[in-house]
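Biologist: Could you take me closely through one part of this model, the nonpolar core and what surrounds it?

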Protein chains: 2
Amino acid sequence: MLHAAVVVEFIKMLSNLDAFFDKAVMHAEAKKYDPETLLLARLAPDQFALTRQVQIACDTAKLGVARLTGKVPPSHPDTEKTIAELRVRIGQTIEFLRDFAEADFAGAEERVITQPRWEGKTLTGHQFAHHHVIPNFYFHVAMAYAILRHNGVDVGKKDYLGALPFKAPEA
Amino acid sequence: MLHAAVVVEFIKMLSNLDAFFDKAVMHAEAKKYDPETLLLARLAPDQFALTRQVQIACDTAKLGVARLTGKVPPSHPDTEKTIAELRVRIGQTIEFLRDFAEADFAGAEERVITQPRWEGKTLTGHQFAHHHVIPNFYFHVAMAYAILRHNGVDVGKKDYLGALPFKAPEA
């Protein structure tokens, strides 16, 4: 179940996040501005700009899954300066997530999770996933969406959610 | 597990959403404006305003849990015009969610879910929860946050996430 929530679903949402940038580039072309200017956009002066929102969405997925499973995540030094570089970062995060199988999450719910900044305090894997990783991940994808939306990019709920895996009605 | 993801966690996030309005009222008092003006705020002219974001967050939780369990949800006609009324709506949604136990979700993952606007197409309960209810719910809570943040209300990530259920380090 954690595999579905933090691997399968995050891969889909990261693909949706990646596709926001197709809409961003289309908007920039139509309005004749440099799409890279969007990377510094934010909704408030003390909010992280778009680049950082995307980096944190990627890190929340990558580090969350790594901590839940005990695997070592790839390092990303947050040096992305262009849309193309950010999309590579998203793609590398998706590739990392794709390597996980359900079996990698055996015992993950009970695993004791900590981080240096928690100063010795701990969460169970279950708590960490549901109270930290999942809400944080959706938050940063939604903030990237909100920043683009506020700047006129034609993203909508369908872009955020992606396609649903519907089963057709019986004939 | 679905109970943890769509009942326990949604109750917490709805409580956090409710508390955003304490910060909104504080901001309005400090800046001497009517806090109700925030209810019509939005990030783009074709985006739902704050009131609707809150209503949809509540409905996504309420209808999602109802469909997953086969229970009948309470009706809310979307008539809220004030912050106080919206907070009642949030509170009633939390009360509805509190009535669910883990046992109510027996078979929920395999349940066949449909809605009139899906025109006969279906999802399993598992797909419905992970591809629709959960990402949608977080989206609308995050949009309410983003709208308030953009208007200068002092909400931050801690207000969105709420307190984490840490275990203290061993002495």
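Modeller: A nonpolar core is a set of buried Ala, Val, Leu, Ile, Met, Phe, Trp, Tyr and Cys residues joined through C-beta atoms within 7 Å, where buried means that 20 or more other C-beta atoms lie within 10 Å of a residue's own, exposed means 12 or fewer, and partly exposed is in between, with C-beta atoms placed from the backbone. This is a predicted model, in which local features need pLDDT of at least 70 and side-chain atom pairs count only at pLDDT 80 or more, while totals for chains, interfaces and linings use all residues. Residues are numbered from 1 along each chain as its sequence is written, and chains are lettered from A and ligands numbered from 1 in the order in which they are written.

The largest nonpolar core has 100 residues, and those with the most contacts inside it are A:Val6, A:Ala142, A:Ala144, B:Val6, B:Ala142 and B:Ala144. At least two residues of this core come from each of α1 (2–31), α2 (50–69), α3 (83–98) and α4 (125–150) of chain A, and likewise from each of α1 (2–31), α2 (50–69), α3 (83–98) and α4 (125–150) of chain B; helices here are DSSP runs of H or I with at least four residues, strands are runs of E with at least two, and both are numbered from the N terminus.

Leaving aside residues up to four places away in sequence, A:Val6 touches A:Gly64, A:Val65, A:Leu68, A:Ala129, A:Val133 and A:Ile134, a contact being two C-beta atoms, placed from the backbone, within 7 Å. In α2(A), 16 of the 20 residues are buried, so this helix is largely enclosed by the rest of the structure. After α2(A) comes A:Gly70, whose phi is positive, near 80°. Of the 171 residues of chain A, 41% count as buried, and the chain has 5 helices and 2 strands.
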